[in-house]
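This briefing covers pockets and helix packing. Please look over the sequence and the structure before reading on.

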Amino acid sequence: MTHKQIEECKQRLIAINYIANSAQLIDIPNSNEKYDSGQYERYSKLRKLALHVGASYISMDPQKTANEGELTDGIHKALQTASMIETCRISTRNWIITVVASIVAFLSMVAALAAWAR
């Protein structure tokens, strides 16, 4: 992921976590449970974002899907990892630029010494 994509995902995570409960209960398909529509919307968006960034949507407990807190934590860790990888890429690129600049500076010094010695 690029730095811009990481920032966009962070902003999406913040926006999703700000979705408030609505006090309107909705029926969950294939289940006898009812959830708050705001909670259900948050959960579904968090799960989609987790799939997008490569975070786990499975809970640490056996045979259980992750709750909102686990999804948020997993997304946050995936974004941290992507940020570190991007930082390493940038530092590797800058290291090469620094070496090239050092070689050019050394050659300039040799050329200046050669001109001075004449």
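The lining of the second largest pocket divides by class into three nonpolar, two polar and three charged residues (Ala, Val, Leu, Ile, Met, Phe, Trp, Tyr, Cys and Pro count as nonpolar, Asp, Glu, Lys and Arg as charged, and the others, Gly among them, as polar). The model is predicted: local features need pLDDT of at least 70, side-chain atom pairs count only at pLDDT 80 or more, and totals for chains, interfaces and linings use all residues. Residues are numbered from 1 along each chain as its sequence is written, and side-chain values use heavy atoms, without hydrogens and water.

Pockets
- A pocket is an open set of points on a 1 Å grid over the protein atoms alone, where a 1.4 Å probe fits, with protein on both sides within 12 Å along at least five of seven lines; lining residues have an atom within 4 Å of a point.
- The second largest pocket has a volume of about 160 Å³, and its lining includes Glu-70, Asp-73 and Lys-77.
- For the largest pocket the volume is about 290 Å³.
- Ten residues line the largest pocket, with Tyr-35, Tyr-40, Tyr-43, Thr-65 and Ala-66 nearest its centre.
- Helix H2 (residues 37–53) gives the largest share of that lining, three residues; helices are DSSP runs (H or I, at least four residues) numbered from the N terminus.

Helix packing
- H2 and helix H3 (residues 68–117) pack at an angle of about 30°, their axes 9 Å apart.
- H2 is therefore roughly parallel to H3, a term for angles under 35 degrees.

Technical notes
Grid points are joined across faces, edges and corners, and a volume is the space filled by probe spheres set on the points. Helices (H or I, at least four residues) and strands (E, at least two) are DSSP runs, numbered from the N terminus. Axes are lines fitted to C-alpha atoms, for helices over the stretch in contact, and angles run from 0 to 180 degrees between N-to-C directions. Angles under 35 degrees count as roughly parallel, over 145 as roughly antiparallel, 65 to 115 as roughly perpendicular and the rest as oblique.
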